[in-house]
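Work through the exercises below with the sequence and the structure at hand. Try each task before reading its solution.

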There are 2 protein chains.
Amino acid sequence: MSVLVVGSIALDTVETPYGNAEDSLGGSALYFSSAASLFCPVNVVGVVGSDFDASKISFLKKRGVNFDGLYVESGDTFRWGGRYHKNLNQRDTLFTYLNVFESFQPKIPAQYRNAEYVFLANIDPTLQLQVLDQIKKPKLVVLDTMNFWISGKRAMLDEVVKRCDILILNDEEARELSDEPNLITAIHKISSQGKPKTLIVKKGEHGAVLFHKNSFFFAPAYPLEKVIDPTGAGDSFAGGFLGYIAKSGNLRLSTLKKALIYGSAVASFNVEDFSFNRLKKLTMEELENRYQEFKALTRF
Amino acid sequence: MSVLVVGSIALDTVETPYGNAEDSLGGSALYFSSAASLFCPVNVVGVVGSDFDASKISFLKKRGVNFDGLYVESGDTFRWGGRYHKNLNQRDTLFTYLNVFESFQPKIPAQYRNAEYVFLANIDPTLQLQVLDQIKKPKLVVLDTMNFWISGKRAMLDEVVKRCDILILNDEEARELSDEPNLITAIHKISSQGKPKTLIVKKGEHGAVLFHKNSFFFAPAYPLEKVIDPTGAGDSFAGGFLGYIAKSGNLRLSTLKKALIYGSAVASFNVEDFSFNRLKKLTMEELENRYQEFKALTRF
């Protein structure tokens, strides 16, 4: 079963304590695709400018990522620049040039409209709604968002949350969305008010938590000594998560738990190097080995 | 097998968002004992003032806690006052009256000097060394400390660390002790420099991590919606941890992992109410049930 993702395609300029990368491939749709394509075919809807070098995404095409929904508009590709702090948990945005992304109106190609598994990457909730209106009968909609939309477009975001099955937030966003300092209370509150069937809260170096039908499940973060570049961690996590679910074809709690671990495992590889340098060469065998390592991290 | 603990006995005045308690029983030695005594006999060495009401600790005596090492000095008992912030992860100390604790020189009763399992609760490292000098041949020394000693008595603390088998820190202390922002790097560094065989880092709402012979093991925090009073969480954690080890009588990795879960489970009960209100009535059956719940929280 394939997965549909609608999100950004960007050229990132990133500085971390371990070095920097300039105009390197980035964007939520691509990080997601790179991870999800380890499990199933992926269909991308997004936009790039006429300056975009298509050869940069050939490694994704080889992995079964379909770009029939990639629109090339005249103008420049979306660019983002950020600098990570020494602890790598915080970052400053140095610049955001939306460029062609500013007027992006996601048009879902006819052949994608029967999509069953949909990932709405972090974009304007108005656009996320437009996407959902074009999908006939999705089996599972996974939604990502960010503080910017929680504070800036709350009513619209609430509409999208109502129509999603799984909402992915980080801990800061969960606290902001619920206005609760205790994360567990925040999760209960979001779950009862927004009513997404399932909630995932990413806690960075502290792992991730899944809340499904009143059950909690915790995944640790893989104990990496050196995080080189956290960019794309959240989207590659979502890709591993949804890719595994789509491949499994069911929404049982046991599947969701395994999916959370696969998501965590892919993300742990992603941060080992800049841009797609690590995910590009990641094999399913390496991923399976790390999945087994995750077992040892919590089994008693 | 019994456990020996040397630490504070206090009267705490605590304010949390859920209420307050005045001059209620507290102190590291008692929180530790309350938890450890669920598994094995406990011997306490500590000091109180002539104002101390001995009936307050009768519930511990009934649970097999021996107070032959409790010294009653003329003067007042150690008093601590603190106020927790809304998020309960931070607190301000309102007052600290050391009173009789100021001149405490731990004298280990002759019948305790063959102790095999020793917990050095968070006190001046000079006193911790004095304790170790009086113990003949401990099988396992578990050490707790705090930022105050890390910054104020580092050389002395390093001496104690060298003589302990298991060092327990919280994440902030681990970062300070190692001068490393990445917790995993911090753990590797402390482990290679200070050379405690085993390191435990408590991460509050994010659980705890055990590092033993180059292996990591993660315990989640029990997902409590309401933390009433976090006072004593760390010491009751240590009590559940060491109590289980002493009862098991071995130091296998599998034992340490289970001990970490028992420690986490006891601590999760402790914070459900002020002072010893919850631990006082905690049964082994309740603890076993929560231990099983911890399995479900991470098993996939």
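**Exercise 1.** Which residues of helix α6 (residues 171-178) of chain B are buried?

Solution. The model is a predicted one.
- Step 1. A residue is buried if 20 or more other C-beta atoms lie within 10 Å of its own.
- Step 2. Applied to helix α6 of chain B, this gives B:Glu173, B:Ala174, B:Arg175, B:Leu177 and B:Ser178.
- Step 3. These buried residues of α6(B) pack against α4 (147-152), β10 (166-170), α7 (183-193) and β11 (198-202) of chain B.
- Step 4. Look just past the end of α6(B): B:Asp179 has a positive phi of about 55° there.

**Exercise 2.** Is B:Ser28 buried or exposed? Find its place in the chain and its contacts as well.

Solution. 
- Step 1. B:Ser28 belongs to helix α1 (residues 28-36) of chain B.
- Step 2. B:Ser28 has 26 C-beta neighbours inside 10 Å, so it counts as buried.
- Step 3. Leave aside neighbours within four places in sequence; B:Ser28 then contacts B:Gly7, B:Ser8, B:Ala121, B:Asn122 and B:Asp235.
- Step 4. For a distance within the chain, take B:Ala155, which is 127 residues from B:Ser28 along the chain; the two C-alpha atoms are 23 Å apart.

**Exercise 3.** At what angle do α3 and α5 of chain A pack? Describe the contact between them.

Solution. Two packed helices are described by the angle between their axes and the distance between the axes.
- Step 1. Helix α3 (residues 125-134) and helix α5 (residues 154-163) of chain A pack at about 35°, and their axes are 8 Å apart.
- Step 2. The crossing of α3(A) and α5(A) is left-handed.
- Step 3. From α3(A), the residues in the contact are A:Pro125, A:Thr126, A:Gln128, A:Leu129 and A:Leu132; they meet A:Met156, A:Leu157, A:Glu159, A:Val160 and A:Arg163 of α5(A).
- Step 4. Sorted by class, this contact of α3(A) with α5(A) has six nonpolar, two polar and two charged residues.

**Exercise 4.** How many residues of chain A are in contact with chain B?

Solution. 
- Step 1. The contact joins 24 residues of chain A to 24 residues of chain B.
- Step 2. On the chain A side, the elements that give two or more residues are α7 (183-193), β13 (215-219), α9 (253-270) and α10 (284-298).
- Step 3. α7(A) gives the most, with four residues.
- Step 4. By class, the side of chain A that touches chain B has 12 nonpolar, six polar and six charged residues.

**Exercise 5.** Why does the radius of gyration of chain A agree with that of a compact globule?

Solution. 
- Step 1. A compact globule of 300 residues would have a radius of gyration near 19 Å, and chain A has 18 Å, which agrees.
- Step 2. The C-alpha atoms of chain A fill a box of roughly 55 × 40 × 35 Å along the principal axes.
- Step 3. Of the 300 residues of chain A, 52% count as buried.
- Step 4. Chain A has 10 helices and 13 strands.

Technical notes:
Residues are numbered from 1 along each chain as its sequence is written. Chains are lettered from A and ligands numbered from 1 in the order in which they are written. This is a predicted model: local features need pLDDT of at least 70, side-chain atom pairs count only at pLDDT 80 or more; totals for chains, interfaces and linings use all residues. Axes are lines fitted to C-alpha atoms, for helices over the stretch in contact, and angles run from 0 to 180 degrees between N-to-C directions. A crossing is left-handed if the near helix is turned anticlockwise from the far one by less than a right angle, and right-handed if clockwise. Two residues are in contact if their C-beta atoms, placed from the backbone, lie within 7 Å. Ala, Val, Leu, Ile, Met, Phe, Trp, Tyr, Cys and Pro count as nonpolar, Asp, Glu, Lys and Arg as charged, and the others, Gly among them, as polar. The radius of gyration is taken over C-alpha atoms; the globule rule is 2.2 Å times the number of residues to the power 0.38. A residue is buried if 20 or more other C-beta atoms lie within 10 Å of its own, exposed if 12 or fewer, and partly exposed in between; C-beta atoms are placed from the backbone.
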